[in-house]
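I would like to take you through one structure, element by element. Please have the display open as I speak.

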Amino acid sequence: MLELAAYGARKRLKGALALSVGLSAFSAMYAAFFPSLTGNLDLGSYVEALPPAFVEAFGLRAFNTIEGFLATELYQFAWVILLGLYLAYSAASLISGDVESGRMDVLLSLPVSRARLVAEQYLSLVPGILLVNAVVAAVTWVATRVIGYPVGTADLAVVHLLSLPYLFACAAVGLAFGVLADRESVAQRAAMATVFGLFLLESVVTNTDYAWAGAVAPMRYFDPTAILVDGAYDLTGAAILVGATLVLVAASQLHFRRKDVN
Amino acid sequence: MAAIELRDLTKRYGDLVAVDGVSFEVEAGEVFGFLGPNGAGKTTTLRTLLGMQAPTSGGVSVLGYDTTVEDQRLDALADTGFLPSNPQFDEQATGREVLDLHESLKGGSRRADLVDRFEPPLDRPVREYSTGNVQKLGVVQAFMHDPDVVILDEPTSGLDPLLQDRFNEFVREERARGVTVLFSSHVLGEVRRICDRVGVLRGGELVAVEDVETLLDRSGKFVRARVVGDLPPDAFDIPGVSEVTRRSTDGATRVSFTFTGDVDALVDELDRYPLEELDVEEAPLEEVFLDFYGGDEDA
């Protein structure tokens, strides 16, 4: 078991390392900026002047604390948006890329069920996701201590832990498009557009009468600002994301099992 | 029990009928050639046989397993090798990594022997492979788990003639070991060298299943002659002659035609004229299709 997942994960190792380095640099850069920002700018009144929806979308509450600052700049932006989109994009290539290139014919000639093929391809993304989280968590922990504004260890660990179900869900959206579409580029674009669209939806409807509509957006269930600033851990949200991920992966397996691979 | 069985297999894509009611069996230990011009439906038939797409109607089985049923498909695949036409492997991986993955999933008891025999450059990434090297890697993976049945889609395309010979020799040895081989080709010469029987596919329909000798008897000859002087208008007007061309040059006549009739009659006819040159060779496959397997569709 898991031979295909291990193979896929090894193939992605370089990419995951590059992403870890890039996002660590991002984190270190923001940590380095923070002391001069708080010293020179009245961030509190800046945030008050912004529209409430904008403040909510980017988690700008408490922007003048290191927790609030990192929650917005690093976690809301780099994790929720960038990493979410990247995983949807990568996962969209998993099946569609093999089908479009013709590699799937060789894979389907192996004595491996189609359901297992889909599951293992999906799982091949997991080690990379874990690696990026572990590396950036460590770098952020060190960087905030170097600048003298230490972020709480538990909250930092939790923001990374609870980001995992969110990222898995984004990847599952990508996987589903990769199984539906026959062309890799179509799957990639559709997956990114969907995840970004859901982010916009949740941003726009939050604090309105239509807030219920944002329940379909994975972003609703992972709020880095709440974790880092308020120490509020949304475990129900995490469970919903895990459930949605399982449903999407199972639906992808079911669809691929019946699909004519051309 | 037949090693491979197709029963009235039909595959449609919308209005297009790619495979139309094809039935044949390949016996255990037999080498069966699946012959047809490009676009005849060979690849569709083989891919449906392996469960990559579902038949529109009809049934398929490999080693007695119904390959349209997932569990049975896996049982069949454990003892089946497949080489797709124009096989594709992970471009970033080396040949060795590709074979390692395959070995971990289906076994590789014959891997070392096959690598020695076909010599794909295992330490280089697949993206640097020539077409021939990809094909070598494909042959190794198809046979490495010592399968009982091997299905090969145009296996020698992309191989140079020397390697084609080595491959054909290899298939003959596999047959001696009792392996069942079904392979497609559009090259008659290849089929005649290694097959026991041949199925001819044309426009999605199986137009003939023959012993290879029968097919060769029918395959016809391409005749070219240079005759002194002019030829009478009724020259070579005998049964089995088609596509006659003639051209007069320097007091001689060059004549060429495809011949599928009685060889004695041909010799008698040739004997009527003073020949300067005579060339008789096997007719190209396309001519065979036109002559025997019907229609004036493009072959």
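Let us begin with helix 6 of chain A, residues 114–123, which is mostly covered: eight of its 10 residues are buried. The model is a predicted one, and I ask you to keep that in mind throughout. The buried residues of this helix are A:Arg114, A:Ala115, A:Arg116, A:Leu117, A:Val118, A:Glu120, A:Gln121 and A:Tyr122.

Is A:Met1 buried or exposed? A:Met1 counts as exposed, because its relative accessibility is 70% and the cut-off for that class is over 50%.

I turn next to the contact between the two chains. Chain A contributes 23 residues to the contact, and chain B contributes 25 residues. Between them, chain A and chain B bury about 2,300 Å², and carbon and sulfur atoms give 59% of that area. On the chain A side, the residues that lose the most area to chain B are A:Tyr7, A:Val106 and A:Pro111, which together account for 26% of what that side buries. How many salt bridges are there between chain A and chain B? The count is three. A salt bridge also joins the side chains of A:Asp260 and B:Lys11, with an N to O distance of 2.4 Å.

Strand 6 of chain B pairs with strand 7 of chain B, residues 149–153, in the parallel sense and over four bridges. Which residue of strand 7 is the bridge partner of B:Thr80? That partner is B:Val149.

My last stop is B:Pro121, found in the loop of chain B that runs between helix 4 (111–118) and helix 5 (131–143). This proline counts as buried because its relative accessible area is 18%, and the class requires a value under 20%. Leaving aside residues up to four places away in sequence, B:Pro121 touches B:Tyr129 and B:Asn133.

Note on methods:
Residues numbered from 1 in each chain as written. Chains lettered and ligands numbered in written order. Predicted model: local features only at pLDDT ≥ 70, side-chain atom pairs only at ≥ 80, totals over all residues. Heavy atoms only, no water. Helix = DSSP H or I, 4+ residues; strand = E, 2+ residues; numbered from the N terminus. Buried < 20%, exposed > 50% of the residue type's maximum accessible area, 1.4 Å probe, protein only. Contact = heavy atoms within 4.5 Å. Pairing = 2+ DSSP bridges. Buried area = accessible area lost by both parts, 1.4 Å probe. Salt bridge = Lys/Arg side-chain N within 4 Å of Asp/Glu carboxyl O.
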